[in-house]
Structure formats: C-alpha cells, structure tokens
Amino acid sequence: MTTATASRYAAEYPTIAPTLPGQSLPWLTALRQEALAKFSAQGFPSPREEEWRYTNVSVIEKKLFSPAGSVTAGDIDCEWLKSYQLPDTWSVVLVDGHFSAELSVLDGLPETVLVMSMAEALAKQPDTLESYINQAVNNDEHSFIAFNTAWFTDGLFVHVPAKLVLEKPIQVLHLATQADVLTATRTVIVAGDMADIKVIETFAGLDVAYLSAAVTEVSVGANADVTLYKMQCESEKAYHFGGIYVKQAKDARFTHHNFAFGGLLARCDILSNLDQASECNLNGLYLGVKRQHIDNHTRINHLKPHGISRELYKGVLDDRARGVFQGRVIVAEDAQKTDSQMNNRNLLLSDDAEADTKPQLEIYADDVKCGHGVTVGQLDEKSIFYLQSRCIDEETARNMLTFAFANEMVDKIKIKSLHDKVLEQVLVRFPQEGVEKSWL
Amino acid sequence: MLSIKNLTVNVNDKQILKGINLEIKPGEIHAIMGPNGSGKSTLSHILSGKAGYTVTGGSVTYQGKNLLEMPPEIRAREGVFLAFQYPVEIPGVSNIYLLKAALNSIRKYHGQPEVDAMDFLTLVKDKVRLLEMDEKFLYRAVNEGFSGGEKKRNEILQMAILEPKLCILDETDSGLDIDALKVVAEGVNSLRAVDRSFVMVTHYQRLLDYIKPDFVHVLAHGQIVKSGGAELALELEEKGYSWLEDSKAAA
C-alpha cells in the first residue's frame, strides 16, 4: 500500500483536528499525534502484511472519506431508525459518527451506570478515559487502529460498577447517512468486578458508499460477565473496519456474537487477553453474496493458567463472494491447563465463491488441551437424499440445510428482540429464495 | 405392488446386482437376507432412488409405474418409504417440522389440502406413544444426538405418520437392543395392512422373530439364490449362508 492516500488524509487533518473531542487533554492530543504519525508513515494496511494477505483494502483509496459535522436528528428517517432500534434495550444512537441525544433512549438507567457519548465522557471524566483509551489495543496493532485513534469523532463510554447486573441490554446503533462520510468512533465498555452486562453493537447505513472505522475496547472485571453482540448490516456499498479489543481479568467471562452480513468490504478484528481462569467464547456468522468480501480475524491470548476459550465461526458464501477467517489462539508459557477449541465451517453455494481460512495455534505451555477444525465445502449429499426420501424436493432440501447451517449461530442469541432482528436479516439477505421461518 | 424384473445394477462399473427378480403383492412381507456385500443395501437404495448407482438392465414397476424414472421425493410421495440403516442427523431442522413438511408434500401431491395443525399434533402424539418415545424428541433437530435405538424408532415414527404403501426397512434391527427391537417390531406390526407391503433387508434372523415374513429371499453375489417361507430364515440361522453360496458356486 502506498502512503499517498495517507498523505491526503494527513493533509486534511489540521482542519479536522479542532473539531475532534478532547482537544484540551494533553494525553489525548499526544496519543492522536502519535497515531497520525504512524498512519502517515504506513498508510492503510497492505496485503504484504500477514494479517492482511487475503484482504486488499486498496479499493478504499479511490475516495477521500471525511468526518461529518454534527448531525441533526430531524434528518433521520424514523421508520428506518425503528427498523434497527431494539425495544427493551437502552439504546444509544450515533449518526455519522456523532452521538444523538435526541434519538437515544436511556430512561430508567440505574444512576450508578454511566452511558454517555465519548465526547461528553472526555469532557466530564477525562482521567477515567485516560486509563481505558488505547489500553486494550494500541496504535501498533495495525494502521486502522492508528487511523481510528487520530480521527475518532465520538463514540460511547459505558461504565457499570462492581456487582451490578444490568437488567436490559444496551444497544449502540451506528448509522451512516451520507455518501463519502467517514464514521470513526471509539467505544469504551468497562464492567466492574462481578458485573453482568450485555451490549449490542449495530451498524447500518443508507445505500451509499461510506467508510466505517470503529474500535471498541472492553474491560471485563474479575468474575464479571460481558456479552457483546455485533450486528453488522452496513450498506452494500460500504466499507467497514471494526475492531473489538478485550481485557479479561481473573475469572472473567466474555462472549461475543458476530453477525457479519453487510458491506462491500468488511473486516472485523476481535482480540481478547485472558487472565487466570477466564473464559472467552467467540461465535460468528458471515453471509456473503454478490461481490462481498467479508473478513473476520480473531486472536485469543491465553496469558495465565486455567483459561477456557471456545470459538465457532460459520460462513455461507454465494455468487462471487469471498469469506476470510483467520483465527489465532496463543497459549503463553505460563498458561498451563488452557482448554481451547476453535472451529470454522464454510459452505460454498457457487463455484465462484471463495473461502480462505487459516486457524493458527501457537502453544508455548506444555500441559494444555487445544484443538481446531476447519471445513470448506458443499452440502452433504447424504443429508439431501435423506430429506428427499422424506418427500422434500431437492431444491427445498438444499435451502433447508443451508438455512439450518446458518441458523445454529442465530439460535445462540438469548435476547429475543435481537434474535428476531438477526433472523429477519438472515432471511432478507439469504442467498436462496424460498427460505421459510417455519423450518426452525 | 412391486415387480422387479431381471434388474442389474453397477456401482463404479462393478456389477453389484446381477439379475434380480422379485414380485411383491399388497399386504405381503418379504425378508431379504444375505451375507455382507451381497447387494442387500444396494437393492434398498435403488428402490428409494439414491444417486451413485447405474441401472444397466431390467425394470422396477411400482403400482404400474416405472419406479426408476422417478426422483426420490416423488417415490416418497407415491408411497415408497425407506427406513435408513444409518439415519442422517440434520442439525437445525426440527423433527416435527420435517414430519409436517413431509406429510403436507404427500397431501399436496395427491391434491389434498394441508393437514390441520391440531389434527396433526394429535396424530403425531398418538404415534409417539405407540413407539414409546418421549415427546421432547419431536422438538429436537432430526436425529441430532439421538442414540442408535432412538434413531431407528424415529424412522418408524416417520413411517407411522406418513403411512406409505411400500415400506423398505434397511437393517432396521442393527444396533438395537432387545427392548428397542420389540418396540420397533410392534410399531411395524401395527402398520401391517392389506394394502401395505414390506421389504425387510436384514442380516440376522432375530428381527423375523418379531415380524413374521410371508417370504424369505436369500441374496448372494447379487442374485437371489433361494426363496422360501418364514422357515427358511430359521434354516439360515442354523446353517449360516455358506451352504447357499457354495451351492450356487458349484452350480
């Protein structure tokens, strides 16, 4: 990748910088400057980098995406908003990278729980933010992180105190409404010791090209339980780069459900660092049609003994779509008795669809139980014949089996409204016609 | 009901069935016995329409129609049912949904309206009791995580609900303990009717203790080498298959 594009972004930066939140904070200004320098030197990631070898992002260099100024709620189509906003949640809406108080619904949130825009948090709680921003990840990870650090316009800060079990999930709805807009957001989620929260990140946009670069940092306290859902339904023309970076304390549990459906080019990175006896579950489903390129990277770092990790990613790819899965599990020398299992299953529905999958186990401890499995293939002919012998015609049998394959991941969602919404999205985007809900 | 005439079948250019002749009349139970590799399973697969076999000669006529021309789902809708030796697990598709979808496609095929939801549930629950199954099996994914015995019961449950005309049981007794075998046999016996025929493919005689066949055929090296009544099965139990294979070889 050339740095010519980076230079164009860097040239624009001085005019954008004064509009970014946290200008008065020396630590943040320094962080942003460091990030800008890194990004200017490197540009966007290149396929020559091992972590990006299957995903060429040069297509985003055709345009210069710029952050939006503040957005007014009146410009948002209510029906469209409602189609993504979940009932029975506290809902935070970010439009083109800016928090909208008007569209957000936070009534009845317990007083001890903080849910506020990143801009507000940087103004009101700068010291707290200093100890969380760029802690679970840093600018060296890859240049999109540096890019996000330098450019983020807003985002969200969630802080749940120790021992608090939040009764409803928090939904963070990222909406993009303008062509060529850059939505760069930073979200920080902090769960105190023994806290229990569920957060749903939803990404959607109007039918235009835009660049979404979102970074979420999660801190899971000792014995806390955090479940994070990501429903990525960006527009068919959009570019999405999202990263979730997690630090798990002792005995902490983190579960992630990643539904990657949208975007022309979409990449999601998930990284979790596990302490002693912490548990990490990563579930993913990607559906690719037409010429979509959907890339998911996960990295699980077992740093201390007795950690458990479970990972299952499934992909259904049709037309000329390409799915990428790179999963790394790293077991440090100190992480004895680690128990880890990683699986990636891909279903190719057309001859032109492609799946690239690369599971990696790096084990430096000697007393561990780790495994991985990968499949790329077509539907099982035995299953098709079985259904045919039960009166089901071949085409319907194929649809049923494909849908059932994907639905296993949808069924893991424990929040009813989200389950139904994701299922609706699967049915809308499903490559095959004639798929029925009643099969479930 | 079913007329097989001089049927020859190849798998990968190797002849597996070498001229099978079999006449099955409505209401009859035929047992096809034979040693491993004799072509028993091939015969049941050919009748149900599984891909991977090439018919090189002969004919199979079912209720006056050329069975071999029909795709598997049409055979099933016409009333041919194969109870699998190894029922397939279908994660993500619930048992009860498959039953309903199958029943409705049969009804649609015969120009009948879809089954009423309440009537369907009553029918299913009756049959579940008949096969001494737990109702919760209905709501689980098809065969997923079922034990060997549960899978075989599930096959018979499907058969009981779909009410086929020609039931082909492929090694239904394999992997069943004696209690499960009795339940499965009772299920089959309850389905005996003047207009329903059975083909039971089996290696052992023990299933025939519970389901009494009208005819027993011995298949060896792709041909029926001997046919007789139920007593032939007992003779086979005593003497094994080798005397028949040998006599054939000598002839």
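Domain bounds here come from an automatic or database domain assignment. This is a predicted model, where local features need pLDDT of at least 70 and side-chain atom pairs count only at pLDDT 80 or more, while totals for chains, interfaces and linings use all residues. Residues are numbered from 1 along each chain as its sequence is written, and chains are lettered from A in the order in which they are written.

**Exercise 1.** Find the domains of chain A and describe the side of domain 1 that touches domain 2.

*Step 1.* Chain A is assigned domain 1 (4-275) and domain 2 (389-440). Their C-alpha centres lie 30 Å apart.

*Step 2.* Now count contacts (C-beta atoms, placed from the backbone, within 7 Å). You get 12 residues of domain 1 of chain A against nine residues of domain 2 of chain A.

*Step 3.* On the domain 1 side, at least two residues each come from β8 (196-205), β10 (225-233) and β12 (253-260) of chain A. Strands are DSSP E runs of at least two residues, and helices are H or I runs of at least four, numbered from the N terminus. β10(A) gives the most, with three residues.

**Exercise 2.** Which elements of chain B supply at least two residues each to the side that touches chain A?

*Step 1.* Across the chains, 22 residues of chain B meet 18 residues of chain A.

*Step 2.* The elements are α2 (72-77), β7 (90-94) and α3 (95-109) of chain B. The largest share, six residues, belongs to α3(B).

Technical notes: Two residues are in contact if their C-beta atoms, placed from the backbone, lie within 7 Å.
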